[in-house]
Amino acid sequence: MPAAKRRFLSDLWKLTKPYWKSEERLKSGLLLAVIVAMSLGIVYLNVLFNEWNNLFYNSLQEKNVEAFFRLFGRFTILATMFIIVAVYQIYLRQMLQIRWRRWLTQRYTERWLTPHNAYRLRFEGGLTDNPDQRISEDINGFVEQTLSLTLGFLESVVSLVSFSVILWNLSGDIHILNLPIPGSMLWAALVYAGVGSLLTHYIGRPLIRLNFFQQRYEADFRFNLVRVRENAEAIGLYGGEDQEGRGLVERFSHVVANWWGIMRRQKRLTWFSAGYSQAAIIFPFLVAAPRYFSGAIHLGGLMQTVSAFGHVQSALSWFISAYTRLAEWKATVDRLTGFEAALEDLAAHAEAGLTRQAAPAGTGMALRDVSLRLPDGDTLLAGASLTLPPGERVMLAGPSGCGKSTLFRAIGGLWPYAAGELAMPEHERTLFLPQRPYLPIATLAGAVAYPDPPERYGTDKIATTLAECGLPHLVDRLGEERHWSQELSVGEQQRLGFARAILLHPRWLFCDEATSALDEASEKTLYGLLVDRLPDTAILSIAHRPALAAFHHRVARFVPAGEGATWRLDESPLAAPQSAPA
């Protein structure tokens, strides 16, 4: 077996095995067994239809009215049974499909949302483009295609065996060089389907690569459409509609260009497959006609032979009829395998980043000999050490781009390109406030309390906290569910972030320019609230405005370093910090 096929089968088994070894295996295994039994039942009914063909057409040839109506009744029974089995086979297959998809979706979603994975996937190169598409579309396509193609293949194999025996018995001998060769119709079907399969593979092979890239280009185009929708306000204020339009047109041009490639290749494949299918209708009559005209078989025998030939040819031609779907299936398996490989790599390097140590309860946070690198390997920060005792507030200052936010990401476990030690007490709440807080699509109460349920704090407490943070006009909207990141201004979102911090009362709070959109008076008011309401919370703030220094005990500055590193940390004390709102 070629290495590429072995690799594909290995990838397929790797994606399939977890489900069939999970807690679902008994129920789903029983369901699959019933589906397989129904597939075999359909093949058996087709065999009975084949025998019926012989008797029915002979009754027509012999003008036997009694046999005609008797066989008509038999057909009614067989057709009813066939319809029932066909309907429930599809129904049960769809039931298995949604069970399998639900399990895989939950599994991949959990692995994707394992702490820090969703962020770190961006560093996994081209293997992980559009993970949302992998979960929402590729899993569905994989399950549907796997069940459909494997059950179709099983039916084809059983049909091939069953009707090959029938066709062999119905076929007469052919003579080549005066040598009688039995099973002429069977050999004709084998040759016809074999040549067709080889030509189909030759013509349609490029569809595998084309389908793979079509899904990638479609997902990339859809992703950028969503970005435009979510950033419509900023784009409109910049007057960037033309620029965004050109970008979307360029991305869609990849969709169109690849689609033309699929069209051209599909056209060639359709020319062949359509001609092949049409020729398959008349071909068995041409092969069997001499025996009919010679009187060796009756009309019923001819029609049964043609029917058996059709089933054998159809079974042998399964590869031809399913080639396009096989190409799509291969592309889907490749994308999911890439996603799986990226998640496994993340699991293998889950400890990448700062080495974390559990400090005794009630002690502070300590960074020791921390270095930060960029993904390309360039050093950003080296030899940095910092302590943050409980209740102390430290301001982190430095020029833009020196790595302050990257240090926060390393502390939060997001940044894998970090070395050094981080010691913190375990099981103490940590909260990060970025410049633009994340607001889920939920009720306003749910957005303020995120990630906790709002019921933990109660409506009255949430309303009071919002009012204290300068958002009294939102108090009456706590029960409304909205896309709040698009409804609220950046300043309102930052005020909401402070309300969240006061409500959740973390032991460790990291503010990354969390008041950058506010005026200085509002900034002082909010920081004063933090100092007043969270006296036991240690705060590390990234800030550029000197006025905020009044709310901190110390400042740690990013200063240029010597050879071998870009920046280092330099600490200095501050005057006595403010302890009440300014």
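A polar contact is a pair of N or O atoms within 3.5 Å, where, within protein, one atom must be able to donate a hydrogen and the other to accept it. In the predicted model described here, the side chains of E24 and R99 make such a contact, at 2.8 Å. E24 is placed in the loop between α1 (3-20) and α2 (25-61). Its relative accessible area is 13%, and because buried means under 20%, E24 counts as buried. When neighbours within four places in sequence are left aside, the residues in contact with E24 are Y19, G29, R99, R102 and W103.

Aromatic residues were examined next. The structure holds 25 aromatic pairs. One of them joins W100 and F142, whose ring centres are 5.9 Å apart and whose planes stand at 75 degrees, an edge-to-face arrangement. W100 belongs to helix α3 (residues 65-112) and F142 to helix α5 (residues 131-170), so this pair ties together parts that are 42 residues apart in sequence. Both W100 and F142 are buried. A further pair is formed by W415 and Y417, with 5.7 Å between the ring centres and 75 degrees between the planes; the pair is therefore edge-to-face. W415 is buried at a relative accessible area of 6%, and Y417 is also buried, at 17%. Ring pairs also link F49, W52, F56, Y57, F68, F69, F75 and F82 into a cluster.

The axes of α5 and α10 come within 8 Å and cross at roughly 145 degrees, and the crossing is left-handed. On the α5 side, the residues that meet α10 are S156, S159, L160, F163, S164, I166, L167 and L170. Their counterparts in α10 are Q304, T305, A308, F309, H311, V312, A315 and L316.

Helix α13 (residues 404-411) is largely enclosed by the rest of the structure, because six of its eight residues are buried. The buried residues are K404, T406, L407, F408, A410 and I411. Just after α13, G413 takes a positive phi of about 85 degrees.

Most residues other than glycine have a negative phi, and most peptide bonds are trans. Y450 and P451, however, are joined by a cis peptide bond, with omega about 5 degrees. P451 is located in the loop between α14 (444-449) and α15 (459-468). H116 is not a glycine, yet its phi is positive, near 80 degrees. The residue H116 is found in the loop between α3 and α4 (117-120) and is partly exposed, at 30% relative accessibility. H505 likewise has a positive phi, of about 50 degrees, although it is not a glycine. This histidine, H505, sits in the loop between α17 (490-504) and β11 (508-512), where its relative accessible area of 34% makes H505 partly exposed.

F221 is in helix α7 (residues 206-230) and is buried, with a relative accessible area of 17%. Apart from neighbours within four places in sequence, F221 is in contact with L248, R251, F252 and V255. From F221 to R557 the C-alpha to C-alpha distance is 42 Å, and these two residues are 336 residues apart in sequence. I502 lies in helix α17 and counts as buried, at 10% relative accessibility. Residues up to four places away in sequence not being counted, I502 touches T465, C469, L529, L530, R533 and L534. The C-alpha atoms of I502 and F283 are separated by 81 Å, and the two residues are 219 residues apart along the chain.

Terms used: Residues numbered from 1 in each chain as written. Predicted model: local features only at pLDDT ≥ 70, side-chain atom pairs only at ≥ 80, totals over all residues. Heavy atoms only, no water. Helix = DSSP H or I, 4+ residues; strand = E, 2+ residues; numbered from the N terminus. Buried < 20%, exposed > 50% of the residue type's maximum accessible area, 1.4 Å probe, protein only. Contact = heavy atoms within 4.5 Å. Phe/Tyr/Trp six-rings, centres within 6.5 Å; stacked < 30°, edge-to-face > 60°. Axes fitted to C-alpha atoms, helices over the stretch in contact; angles between N-to-C directions. Left-handed = near helix turned anticlockwise from the far one by under 90°.
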